[in-house]
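Welcome, and thanks for taking a look.

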Amino acid sequence: NKLRALRHIKDISLLKDVRKTDNIKIEAYDVAHFSGRQVVGAMAVVENGEIDKSAGRYFILKSFKARKGNDSAGLEEIISRRLKHQEWPYPDIIAVDGGIAQFNIANKIIREQYPQFNLKVVAITKDDKRKFKKIISSSDIDRDLKKDLILSTTEAHKLATGFNRKKIREMIE
């Protein structure tokens with residue numbers, strides 16, 4: 001009986017080997033421009049550890065500051081515009097590709113304009129070769145989310161730069 005009980009415990013523990021990141025939705029944002037021209041942004045979504053390509057969004061920036069290549073102003077516009085879309089399910093975490101300036105602007109928008117959403121904000125900093133450097137956050141973020149956070153900001157960067165290239169090609173043609 002004891003052996004059978006131990007096997008049962010082992011079987012259940014294997015079944016419960018579920019990622020701690022299950023049911024966590026991360027939205028990541030990035031801004032891209034070419035010397036302040038064709039300024040665009042993108043939102044990527046990672047849910048349950050996988051990119052949700054159908055939930056990604058592109059933004060053509062409209063505000064004067066954002067159109068001049070100000071990444072923080074661009075990020076502010078993107079996040080503000082996105083959060084006005086109540087028909088889109090809200091995330092658990094907002095991740096921005098950048099450093100302390102990008103973190104501060106995202107955190108400011110959430111705390112001042114949308115406190116009811118109680119969203120966590122993180123910034124993912126990368127080195128010159130786009131390799132992960134560190135996570136900036138004002139709240140505890142489960143370290144098991146590191147992989148998903150990096151995935152989300154990498155995807156946002158890929159979407160933003162790809163969209164920027166597309167807009168530049170259209171401008172040239």
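Predicted model: local features only at pLDDT ≥ 70, side-chain atom pairs only at ≥ 80, totals over all residues.

## The largest core

The largest nonpolar core has 25 residues, and the members touching the most others are Tyr29, Leu75, Ile79, Ile94, Val96 and Ile110. Six elements supply at least two residues each: strand 1 (25-34), strand 2 (37-47), helix 3 (71-83), strand 5 (93-97), helix 4 (100-113) and strand 6 (120-126). Helix 4 is the top contributor, with five residues.

Beyond its neighbours within four places in sequence, Val96 is in contact with Tyr29, Leu75, Ile79, Gln102, Phe103, Ala106, Val122, Ala123, Ile124 and Thr153.

## A second core

There is also a separate core of 18 residues, including Ala32, Ile124, Ile141 and Ala160.

## Helix 3 against helix 4

Two packed helices are described by the angle between their axes and the distance between the axes. For helix 3 and helix 4, the angle is about 35 degrees and the axes lie 9 Å apart; their crossing is right-handed.

From helix 3, the contact uses Asp71, Ser72, Leu75, Glu76, Ile79, Ser80 and Leu83, while helix 4 brings Ala101, Gln102, Ile105, Ala106, Ile109, Ile110 and Gln113. By type, these residues are eight nonpolar, four polar and two charged.

## A closer look at helix 3

The length of helix 3 checks out: its 13 residues, at 1.5 Å a residue, should span 18 Å, which agrees with the 18 Å between its end C-alpha atoms. Among its buried residues are Leu75, Ile79, Ser80 and Leu83, and these four also take part in the contact with helix 4.

Terms used:
Residues numbered from 1 in each chain as written. Heavy atoms only, no water. Core = buried A, V, L, I, M, F, W, Y, C linked by side-chain atoms within 4.5 Å. Buried < 20%, exposed > 50% of the residue type's maximum accessible area, 1.4 Å probe, protein only. Contact = heavy atoms within 4.5 Å. Axes fitted to C-alpha atoms, helices over the stretch in contact; angles between N-to-C directions. Left-handed = near helix turned anticlockwise from the far one by under 90°. Nonpolar A, V, L, I, M, F, W, Y, C, P; charged D, E, K, R; others polar. Expected span 1.5 Å × (residues − 1).
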